[in-house]
Amino acid sequence: MATLKRFFVENIGETCILQGEEFEHAKNVLRLGVGDEVELLDNSGKKYVAVICEVQKRQMTLNVLSVADGDKEAKTAVALAFGYLKNADKNEFIVQKGVELGVQKLIAFSSNFSSAYMSENKLERLNKVSKESAKQCLRDRYPAVEYADSLAKTLDELSEYENKLFACEFAESSEADIAALQGSTAIVIGSEGGFSREEAEMAEEKGFALVSLGKRILRAETAAVALTSVVMFSLGELGDRG
Ligand code: SAM
């Protein structure tokens, strides 16, 4: 059976209104109309099947037919924090892959060697990428992308995670066994400029384990996907154990 088209909406009751960009996409791109069934998501983890019952100039009205608990979210909370990169596409790539891999929290941060600056529009764009990626990979929620204007604030935001991993390009070895993780896990990846020694020391003082990803220097986006993938596999979230 073809997968129903999916839309994130707010305020789902017995009926629901689809408007804005989601309405434009449904009507003008997907050519959906009265009688078509779709899947609605309200970021609660539940998913709703609804049928379009009315199409107006700027909105659609849908009747909700059923509701079920989603089953695509990771069982373990994983956060991915990454140094905001100069190249917008690479930031979007990190967000998109983090969502597909199942992270539940995304933070873009500025640090000592950052050379790119965040804006409201750029952050809004990253949240749109998160939402679209969640729709595509059948997740029931999309993680909001947050911005932190310092590494210290980022590390403090992640203080409650049981495993705190700080990918450090100059770490001689890893201070955590990333192949045998259990419990909530935070991942921190530097920007193009990487981290200063002082930042690595601060991370250790805040309970983060320095993690080496080998003797080669990976691009930030490679490191983000590589470490998130290893963490997700280690937590049993990839493969048939997921
Ligand atoms: N400017 C740094 C340099 O020239 O050494 C490279 C930074 S690297 C492009 C961006 C981030 O990816 C790093 O801050 C780190 O978080 C992660 N990373 C890349 N290679 C790594 C490695 N071999 N081990 C641990 N982390 C790595």
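Author: What follows is a close look at the interface between the domains. Keep in mind that this is a predicted model.

Start with the layout. The chain splits into domain 1, residues 6-69, and domain 2, residues 78-234. Their centres, taken over C-alpha atoms, lie 33 Å apart.

Now the contact itself. On the domain 1 side, 10 residues take part, and they touch 10 residues of domain 2. The size of an interface is often given as the accessible area lost when the parts come together. Here domain 1 and domain 2 bury about 920 Å² between them. Carbon and sulfur atoms account for 49% of that area. Within domain 1, the residues that lose the most area to domain 2 are R6, F8 and N43. Together these three make up 63% of what the domain 1 side buries.

Across the interface, 8 residue pairs are in polar contact.

Which elements of domain 1 supply at least two residues each to the side that touches domain 2? They are strand 1 (6-8) and helix 1 (20-29). Strand 1 gives the most, with 3 residues. By type, the domain 1 side that touches domain 2 holds 3 nonpolar, 3 polar and 4 charged residues.

Note on methods
Residues numbered from 1 in each chain as written. Predicted model: local features only at pLDDT ≥ 70, side-chain atom pairs only at ≥ 80, totals over all residues. Heavy atoms only, no water. Domains from an automatic or database assignment. Contact = heavy atoms within 4.5 Å. Buried area = accessible area lost by both parts, 1.4 Å probe. Polar contact = N/O pair within 3.5 Å; in protein donor to acceptor, adjacent residues only side chain to side chain. Helix = DSSP H or I, 4+ residues; strand = E, 2+ residues; numbered from the N terminus. Nonpolar A, V, L, I, M, F, W, Y, C, P; charged D, E, K, R; others polar.
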